[in-house]
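This briefing is intended for a reader who has the sequence and the coordinates at hand.

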Amino acid sequence: MTILLQIDSFTDTPYRGNPAAVCLLDRPPSERWMQTIAAEMNLSETAFLVPQGEQRYQLRWFTPTVEVDLCGHATLAAAHFLREQLGISKPVEFDTASGRLTATFDGQWIELDFPVLPVKPAPPNADIINGLKVEPIFFGVSKHDSLVEVKSESMVRQCQPDLNLIRRSGTRGVIITAVSQTGDYDFVSRFFVPGAGIDEDPVTGSAHCVLIPYWENKLGRAKLTGYQASARGGVVRGERIEDRIKLRGQAVTVIECRLRHPVEWQNP
């Protein structure tokens with residue numbers, strides 16, 4: 001039977017951070033099967049690992065409705081899975097739709113090497129602004145999502161968006177952010193992703209590939225700590241190095257189960 005773990009990422013506390021399911025298989029399963037399992041798990045992402053060689057794995061991510069090109073918290077969960085289940089302590093490489101990604105272990109922390117996703121200023125999208133019910137001080141777009149900066153942390157935390165309007169905007173997801181009003185973090189954010197079937201993602205590594213370079217430019221600091229202020233909440237440490245982002249986080253396993261029905265394998 002196939003093992004599947006549910007792992008909380010970007011936290012060291014069970015039932016906080018962002019949960020992801022991780023499944024390790026010895027050969028590629030069918031896309032239909034992976035999508036079915038992701039829908040069954042009903043988490044923001046389910047990750048599927050297939051060995052490609054020593055310390056190297058194919059990694060794919062599925063929401064309950066679609067496959068995505070990049071997911072930070074499920075990559076962190078996948079690295080945690082390999083450390084916990086296989087005893088891996090050396091750096092591992094993941095072949096993904098976003099190219100080669102790496103994970104390095106440092107005590108209880110895991111460092112991910114991800115691509116920078118720069119944000120470009122753009123005219124505000126009316127559906128997004130009306131959906132967030134805020135007055136933006138910056139509006140921009142990245143490869144996958146839109147970014148909205150507002151004037152205060154409280155506006156981020158208290159935002160109650162109209163997800164139907166955001167869904168109508170045509171964007172995959174919307175990041176809302178503000179500078180932190182405490183000394184614990186540099187900035188706060190939330191991430192609404194109705195375009196991928198997720199109302200609000202609890203803690204998002206890929207969103208920080210947008211946020212870290214954005215706040216580096218505004219705050220003038222290379223090493224930053226962000227807090228994603230969802231109901232579960234989570235901490236992401238990050239640093240931009242040229243065109244890459246180093247994301248650091250912790251993870252904890254909360255559920256271990258075995259799939260009792262056969263895997264549907266990819267056709268040769």
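Is Phe-48 buried or exposed? At 1% relative accessibility, Phe-48 counts as buried. The model discussed here is predicted. Searches of the whole structure find six aromatic pairs and 18 salt bridges, whereas the number of disulfides is zero.

**Aromatic pairs**

- Phe-48 forms an edge-to-face pair with Phe-62, with 5.8 Å from centre to centre and 80° between the planes.
- Because Phe-48 belongs to strand S3 (residues 45-53) and Phe-62 to strand S4 (residues 56-62), this pair ties together parts that are 14 residues apart in sequence.
- Phe-62 is buried, its relative accessible area being 3%.
- The rings of Tyr-185 and Tyr-227 are stacked, because their planes meet at 25° and their centres are 4.9 Å apart; the cut-off for stacking is an angle under 30 degrees.
- Tyr-185 counts as partly exposed at 23% relative accessibility, whereas Tyr-227 is buried with a relative accessible area of 12%.
- Phe-138, Phe-187, Tyr-214 and Trp-215 are joined by ring pairs into a cluster.

**A charge over a ring**

- Arg-27 is positioned over the face of Trp-265, at a distance of 4.1 Å from the ring centre.

**Salt bridges**

- Arg-32 and Glu-264 form a salt bridge in which the closest N and O atoms are 2.5 Å apart.
- Arg-32 is classed as exposed at 58% relative accessibility, while Glu-264, with a relative accessible area of 29%, is partly exposed.
- A salt bridge also connects Glu-149 with Lys-218, where the closest N and O atoms are 2.8 Å apart.
- This pair links distant parts of the chain, 69 residues apart, with Glu-149 in strand S11 (residues 145-149) and Lys-218 in helix H6 (residues 205-219).
- Glu-149 counts as buried at 5% relative accessibility, whereas Lys-218 is partly exposed, with a relative accessible area of 45%.
- Glu-67 forms a salt bridge with Arg-60, and the closest N and O atoms of this pair are 2.8 Å apart.
- Within this pair, Glu-67 counts as partly exposed at 33% relative accessibility, and Arg-60 counts as buried at 14%.
- A network of salt bridges links Arg-56, Glu-93, Asp-95 and Arg-100.

**Cysteines**

- The structure contains zero disulfides.
- At 27% relative accessibility, Cys-257 counts as partly exposed.
- Cys-159 is buried, with a relative accessible area of 6%.

**Helix H2**

- Helix H2 (residues 72-86) consists of 15 residues and spans 21 Å from its first C-alpha to its last, close to the 21 Å expected at 1.5 Å a residue.
- How many of the residues of H2 are buried? Of its 15 residues, 12 are buried, so H2 is largely enclosed by the rest of the structure.
- The buried residues of H2 are Gly-72, His-73, Ala-74, Thr-75, Leu-76, Ala-77, Ala-78, Ala-79, His-80, Phe-81, Leu-82 and Arg-83.
- After H2 comes Gly-87, which has a positive phi, near 70°.

Notes
Residues numbered from 1 in each chain as written. Predicted model: local features only at pLDDT ≥ 70, side-chain atom pairs only at ≥ 80, totals over all residues. Heavy atoms only, no water. Helix = DSSP H or I, 4+ residues; strand = E, 2+ residues; numbered from the N terminus. Expected span 1.5 Å × (residues − 1). Buried < 20%, exposed > 50% of the residue type's maximum accessible area, 1.4 Å probe, protein only. Salt bridge = Lys/Arg side-chain N within 4 Å of Asp/Glu carboxyl O. Disulfide = S-S within 2.5 Å. Phe/Tyr/Trp six-rings, centres within 6.5 Å; stacked < 30°, edge-to-face > 60°. Lys NZ or Arg CZ within 6 Å of the ring centre and 35° of its normal.
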